[in-house]
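Hi everyone, thanks for coming. Let's look at this one together, one piece at a time.

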Amino acid sequence: MPLLGDALVIAGTVCFAFSNVGEEYCVKKNDQVELIAMLGLFGLVVSAIQIFIFERKSLEAVAWSPTMISLFAGFAVALLVFYTITPFVLKMSGSTLFNLSLLTSDMWAVAIRLLFYQQQINWLYYVAFSVVAIGLIVYSLNESSSTDGRATGTEVAPHYQQLPSEDGSTSGSNLDSQEKKQLEGAHGIC
């Protein structure tokens, strides 16, 4: 049975990573408000179907007290904050850094385990956390150095020229002689 659990965790992680990459694509190409609204709408529909199919009996067995209702409300608020902030983080840093950063969240579980329960931590946790932290640092350094030489989405890289048909022009007659010389020099046309 542990093998099934490991396989389910790996499958869930892969699906979450695909979701974040898709969400990053949508955030960078479309409106963030629309993305959050669609996540909320489809998340509600999918979650309701899952609860109806898989968790109906468990949900009916819950003893609804004010404490239980406040715990559910707190969980809902935490998810609201998480999924509202996520598109902004994805737009600023990308899904790779976001997913790597989520790996450091286990640090809080370890801190609570040490401070509140006075339990010992396996030495492998410190090795794993160090590898994740080093990976975050290396990725951040490489990402910042590689973006220095890249053109942004609205700029055209120096070795590429935008053709008249790409910028909405219908004829090539609006290119002045200096731009024609640049095009001929860049493409080796004599």
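Let's begin with Asn20, which sits in helix H1, residues 2–29; helices here are DSSP runs of H or I with at least four residues, numbered from the N terminus. This is a predicted model, where local features need pLDDT of at least 70 and side-chain atom pairs count only at pLDDT 80 or more, while totals for chains, interfaces and linings use all residues. Residues are numbered from 1 along each chain as its sequence is written, and side-chain values use heavy atoms, with hydrogens and water left out.

So, is Asn20 buried or exposed? Asn20 has a relative accessible area of 2%, so it is buried (under 20% is buried, over 50% exposed, in between partly exposed, with a 1.4 Å probe and protein chains only). Leaving aside residues up to four places away in sequence, Asn20 touches Leu90, Ser95, Phe98 and Asn99, where contact means heavy atoms within 4.5 Å.

Cys15 is exposed, at 54% relative accessible area, whereas Cys26 is partly exposed at 28%. The structure holds 0 disulfides, a disulfide being a pair of cysteine sulfur atoms within 2.5 Å.

Finally, a helix pair. The axes of H2 (residues 32–60) and H3 (residues 66–93) come within 10 Å and cross at roughly 140°; axes are lines fitted to C-alpha atoms, for helices over the stretch in contact, and angles run from 0 to 180 degrees between N-to-C directions. That makes H2 oblique to H3, since under 35 degrees is roughly parallel, over 145 roughly antiparallel, 65 to 115 roughly perpendicular and the rest oblique. Where they meet, Gln32, Leu35 and Ile36 in H2 touch H3 residues including Tyr83 and Phe88.

How values were computed
Helices (H or I, at least four residues) and strands (E, at least two) are DSSP runs, numbered from the N terminus.
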